[in-house]
Amino acid sequence: MDVDEASKALAEMQRRSEQTLRQGSPSRFPGWYTWGSAAGLALIFASGDFSGWAAIGLITAGVALTGGLSVLLERITGVRLRMRALRVWPIALVIAAILVTAIVVGSVMRLYDVPWDSSIGGLAGGLVGALGMGRAQTAAARPGNRP
Amino acid sequence: MTSARPAGFNELLHFPVRLTIVSLLAPAAHVEFSYLREATGLSDSALSKQLTNLQEAGYVEVRRTGRRATARLTSAGRQALSDHAAALRAMLGVALDPAIESPPLSP
């Protein structure tokens, strides 16, 4: 065992870990996942315009859609990354941006008595999610963040 | 230049194909068998054989649900990989630091 072999083994370990990180967090999500997840989020926020079973139904549908698409994406990539392998702040940032956008837009709509204020806020939040999710995921899985 | 193997060096993991497999598994909660097959370029039987070796050592866990099989690194496997990487880095450190390799002679 020489130093050159040790160096090559370490380089191989790094390269292969990065390969799995890239596979688990593609730099571009497929369109069906991006827009489907955005629709799921919008459904969850839209429940604010309803009450009773309709609201519960919308929340259930939104959660099922978002979760189901994540499972489907995982089946396609073949990889589920450990949370510890990812940077938390880009994901936290995009979630915060979605929530703030949905709440602020919904509140402004309500202030001006615009009907379907929560649904409009949800659409705005979903749009922010669709635009930010891919970038956040790429930043979260950038090589150099070792598990 | 050759040097002695430091503590933590793992002969089983150092075998190239097995090192590739555990390194692929390291950042994942679990991966599909098909991903490992594509990433390593191994046949089903060759990959299964290596995974069995790693399973017998307690480093990898394979789960089968119908036709779908997933593999994950166990905590023992994660620790062994971490120790092995530290041992390799120690070897490089020793090689790069002449003070460690050739301690000063006492008067």
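Two strands are taken to pair if DSSP finds at least two bridges between them, strands being DSSP runs of E with at least two residues and helices runs of H or I with at least four, both numbered from the N terminus. On this basis S1(A) and S1(B) run antiparallel and are joined by three bridges, with B:Val31 in S1(B) as the bridge partner of A:Val79. The model is predicted, so that local features need pLDDT of at least 70 and side-chain atom pairs count only at pLDDT 80 or more, whereas totals for chains, interfaces and linings use all residues. Residues are numbered from 1 along each chain as its sequence is written, and chains are lettered from A and ligands numbered from 1 in the order in which they are written.

The pairing between the chains belongs to an open sheet of four strands, ordered S1(A)-S1(B)-S3(B)-S2(B) with antiparallel pairing. Strand S1 (79–81) of chain A and strand S2 (60–65) of chain B form the edges, each pairing on one side only. Within chain B, strand S1 (residues 28–32) pairs with strand S3 (residues 68–73) in the antiparallel sense over two bridges, and B:Glu32 stands opposite B:Thr70 in S3(B).

Between the chains, 25 residues of chain B are in contact with 23 residues of chain A, contact requiring C-beta atoms, placed from the backbone, to lie within 7 Å. On the side of chain B that touches chain A, two or more residues come from each of H2, S1, helix H3 (33–40) and helix H5 (75–96) of chain B, and H5(B) gives the most, with six residues.

Note on methods:
Contact = placed C-beta atoms within 7 Å.
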